Structures are given as structure tokens and as C-alpha cells.
Amino acid sequence: MSSIPRPPAYKIILMQLALTVFVALLAWLHSDVAARSALLGGLTCALPNAYLIWRASRYTGARSTPLMVQSLYRGEAWKFMLTAGGFAVIFVHVEPLNYPALFVGFMTVQLGHLTSAGLRNF
């Protein structure tokens, strides 16, 4: 009996980290503060997504379906809390901060999910 291989979800995280670096380099054309803010925004999206993917891909097989679903829900809840906590830490401890660059970095990486469907042949 053959097993279905795990999807290469790590490629999504690599793509998100590459987008984070790309946005930070673009923001660096504006200023150092904008580059750091964009980098933090991208990491605030990519790192919680990495946790979710790690959490969701821990189990395989039909017999593990209840564990997979439970792990997915817990991972999504933690992803939300990590994202909110990341923004809270940034808002409190990072000074100076370029808010537009922070949110552009976050949204660019978040919207990177739209291109992740094409990664299955990557």
C-alpha cells in the first residue's frame, strides 16, 4: 500500500520569506526605517504561517484525520495569536516605525498566498 506524499508546504514559507526580503529591499530605496518596517511586517506574516504549516502537517493518513483537523484548528488559533502578538510587540518596542511600510510588507506576504497555487510544479 502506498502512502500519499506530504505536500511541499515548506516552499510556501520560502516564497513568503523571499517576498519579505524583496519588499524590504524595495522599501530600502525609501529609507532604512521603511526597510526595517517592511521586513518586520513580512516576518509578522511569514513566521506565524510557518508555525501553522508545521502544526498542520504533523499527521498523515486517513486514520489520523481527527488529529489533523484538531492540529489545524489549534495551529490557526496560534497563528492568529502570534500575528496579533507580533504587531503588539512591534508597536510597543520598535521606534521609529514606518507604519505604511509595515502594513505593505505584511499585506504583500499575505497576498503571496495567491501565487502559492502555482508552486506545486516548482
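What is the handedness of the crossing where helix 2 passes helix 4? The crossing is right-handed. The model behind this report is predicted.

## Overall fold

The chain holds five helices and zero strands. Along the sequence the pattern reads α-α-α-α-α. The chain has 122 residues, and 34% of them are buried. Take the contacts between residues at least 6 apart in sequence: 70% of these join residues at least 24 apart.

## Helix 2 against helix 4

Two packed helices are described by the angle between their axes and the distance between the axes. For helix 2 and helix 4, the axes come within 7 Å and cross at roughly 35 degrees. By class, this contact has nine nonpolar, seven polar and no charged residues.

Helix 2 contributes Ala-34, Ser-37, Ala-38, Leu-40, Gly-41, Gly-42, Thr-44, Cys-45, Ala-46 and Asn-49. They meet Ala-101, Leu-102, Gly-105, Phe-106, Val-109 and Gln-110 in helix 4.

## Helix 3 against helix 4

Helix 3 covers residues 65-93, and helix 4 covers residues 99-111. Their axes come within 13 Å and cross at roughly 160 degrees. That angle makes helix 3 roughly antiparallel to helix 4, because angles over 145 degrees count as such. The crossing of helix 3 with helix 4 is right-handed.

From helix 3, the residues in this contact are Thr-83, Phe-87, Ile-90 and Phe-91. Their partners in helix 4 are Tyr-99, Leu-102, Phe-103 and Phe-106. The contact of helix 3 with helix 4 divides into seven nonpolar residues, one polar and no charged.

## Helix 3 itself

Helix 3 has 29 residues. At 1.5 Å a residue they should span 42 Å, and the end C-alpha atoms are 41 Å apart, so the two values agree.

Which residues of helix 3 are buried? They are Ser-71, Gly-75, Lys-79, Thr-83, Phe-87 and Ile-90. An α-helix has 3.6 residues a turn, so residues three or four places apart point the same way. The cover over the buried residues of helix 3 includes helix 2 (32-56) and helix 4.

## Thr-44

Thr-44 lies in helix 2. Is Thr-44 buried or exposed? Its relative accessible area is 7%, so Thr-44 is buried; the cut-off is under 20%.

Leaving out residues up to four places away in sequence, Thr-44 touches Thr-83, Gly-86, Phe-87, Ile-90 and Phe-106. Among these, Thr-83, Phe-87 and Ile-90 are buried residues of helix 3. Phe-106 belongs to helix 4, and Thr-44 is listed in the contact of helix 2 with helix 4.

Technical notes
Residues are numbered from 1 along each chain as its sequence is written. This is a predicted model: local features need pLDDT of at least 70, side-chain atom pairs count only at pLDDT 80 or more; totals for chains, interfaces and linings use all residues. Side-chain values use heavy atoms; hydrogens and water are left out. Axes are lines fitted to C-alpha atoms, for helices over the stretch in contact, and angles run from 0 to 180 degrees between N-to-C directions. Helices (H or I, at least four residues) and strands (E, at least two) are DSSP runs, numbered from the N terminus. Angles under 35 degrees count as roughly parallel, over 145 as roughly antiparallel, 65 to 115 as roughly perpendicular and the rest as oblique. A crossing is left-handed if the near helix is turned anticlockwise from the far one by less than a right angle, and right-handed if clockwise. Contact means heavy atoms within 4.5 Å. Ala, Val, Leu, Ile, Met, Phe, Trp, Tyr, Cys and Pro count as nonpolar, Asp, Glu, Lys and Arg as charged, and the others, Gly among them, as polar. The expected span of a helix is 1.5 Å times one less than its number of residues. Buried means under 20% relative accessible area, exposed over 50%, partly exposed in between (1.4 Å probe, protein chains only).
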